Amino acid sequence: MSAAPRYPELDEALEADWVIVGAGFAGLAAARRLSQLVPPDQTIVLLEARRLAEGPAGRNSGFMIDLPHDLNSETYAGSADSDRKQIKLNRAAIRFVATMADEFGLSRDIFNPCGRITGAATDRGIKHVNSYTKHLEGLGEAFQLLGAGDLKDITGTEFYRQGFFTPGVALIQPAAYVREVARNLSPRVRIFENSPVTAIDQGKRHKVCTPGGSVSAQKVILAVNGHIQSFGYFPRQLLHVFTYSSMTRALTGAECRKLGGRDDWGILPADPMGTTVRRSRDYLGSGHRLVIRNHFTLNQGMEVTEKQLHHASEMHDQSFAARFPTLKDVPMEYRWGGRLCLSWNSMPAFGEVDERIYSACCQNGLGTVKGTLSGMMAAELAVLGQSDMLDDFMAHGAPRQLPPEPFLSVGASLTMRLKEWQAGKEL
């Protein structure tokens, strides 16, 4: 794997036809779709506030999920009709990425349509498995039940008692995906990193300002997830939730043999508040690592505290030890909190929010697939105005207004802690 490419900071005043703010899954999908829809002489500029892949997009668990996965639900599932519509849209987004992966020559280490494994370790988790698979039967979706032996063969651990497999999910290496897609788009799209947008001066041509320069453009797509509120849109309608992850150092060959199981896998918890585990090669090819992700906090200021990160780290160490007792001496090398944006009623923050300014935000905890989908749809809305897929996507309500503080933060925190307690060993 070659070194991550670098892009310049914006340090001049530019003219363009299009500006996309945010180079995560939504921003990259919008750039890709625009490049397919507009003539080659139209210029597309993509602005990223940090180094590419160093924000939430490069630090997630890497599941592109096609099936219902509503984090506000007890078992991920919703109504049959809404779930069928969402499955259709999610699969369109995954096909969009699969086409890019094929065209750009992305390896299976970066994009792997290998399916989804969900595991349960407790009676409560098994109840969730049975409820969800019954829902899948009603939807006409295929799945394969997995026993404890099947799950041990995959993961190397005896922790899981029951689970299931579904074929439609793709696993990605998120940082590598962001960097390689950007690299392949860069001949058509001008990319600037470390160029946070500080203001948008609206006019016949919008002026998008950064600390070192500006871009004047006809149309702007905001692909900034929860930071859409930093631009004044969707006030008191979005929840800023952090989830936390820890990653081991690279495992030695002896440790990999001791663990056993497959080389590259991910397992989702049957309980939405449970622990996600991922084993994969790292971006630079230095070896296999394990990632533990669990715990949620509401942080409406969009920042986490050291105390919160320390508490999450302790939880991760406990979850890791419970799953991998043979690797008890393997330390965590990286720990971080990643920002999610949700709405109270699981609706996206999408649409033309001002004249020729479009929002592709609030992915409700599924940034890989729903971010891709919203970026695609924002480009279609801005260029075409209408398409069959866009009509399906836009058949939703607006994010619901949130309760006032302090009731919101107190109530949400108590609810999340209760659900974690109920998850028990699944955490």
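The following legends describe an overview and several close-up views of a predicted model.

**Figure 1. Overall dimensions and composition of the chain.** The secondary structure amounts to 10 helices and 21 strands. The C-alpha atoms occupy a box of roughly 60 × 45 × 45 Å along the principal axes. The radius of gyration is 21 Å, which agrees with the value near 22 Å that a compact globule of 427 residues would have. Buried residues account for 56% of the 427 residues. Of the contacts between residues at least 6 apart in sequence, 77% link residues at least 24 apart. The accessible surface comes to about 17,800 Å², and carbon and sulfur atoms contribute 52% of that area. The chain carries 47 positive and 46 negative side chains, and the centres of these two sets are 3 Å apart.

**Figure 2. The largest nonpolar core and the surroundings of Val 181.** This core comprises 61 residues, of which Ile 20, Leu 34, Met 64, Phe 111, Tyr 177 and Val 181 touch the most other members. Beyond its neighbours within four places in sequence, Val 181 contacts Leu 28, Met 100, Phe 104 and Leu 106. A second, separate core holds 25 residues, including Leu 14, Ala 16, Ile 200 and Ala 349. In soluble globular proteins, nonpolar side chains tend to be buried together.

Figure 3. Phe 164 belongs to strand β8, which spans residues 162-166. Its relative accessibility is 1%, so Phe 164 counts as buried. When residues up to four places away in sequence are set aside, its contacts include Arg 116, Ile 117, Thr 118, Val 129 and Tyr 132. Thr 133, Leu 136, Gln 144, Leu 145 and Leu 146 are also among the residues that Phe 164 touches. Glu 352 lies 188 residues from Phe 164 in sequence, and their C-alpha atoms are 40 Å apart in space.

**Figure 4. The cis peptide bond between Glu 405 and Pro 406.** The peptide bond from Glu 405 to Pro 406 is cis, with omega near 5 degrees. Pro 406 is located in the loop that joins α9 (388-393) to α10 (407-423).

**Figure 5. Positive phi at Ala 53.** Although Ala 53 is not a glycine, its phi is positive, at about 75 degrees. Ala 53 is situated in the loop between β3 (44-47) and β4 (63-64). With a relative accessible area of 10%, Ala 53 is buried.

**Figure 6. Positive phi at Arg 356.** Arg 356, a residue other than glycine, has a positive phi near 65 degrees. The loop between β20 (349-354) and β21 (357-361) contains Arg 356. Because its relative accessibility is 15%, and buried means under 20%, Arg 356 counts as buried.

Note on methods:
Residues numbered from 1 in each chain as written. Predicted model: local features only at pLDDT ≥ 70, side-chain atom pairs only at ≥ 80, totals over all residues. Heavy atoms only, no water. Core = buried A, V, L, I, M, F, W, Y, C linked by side-chain atoms within 4.5 Å. Buried < 20%, exposed > 50% of the residue type's maximum accessible area, 1.4 Å probe, protein only. Contact = heavy atoms within 4.5 Å. Helix = DSSP H or I, 4+ residues; strand = E, 2+ residues; numbered from the N terminus. Rg over C-alpha atoms; globule rule 2.2 N^0.38 Å. Areas by Shrake-Rupley, 256 points an atom, 1.4 Å probe, with all protein chains shown as cover. Lys, Arg positive; Asp, Glu negative; His and termini not counted. Charge placed at Lys NZ, Arg CZ, Asp CG, Glu CD.
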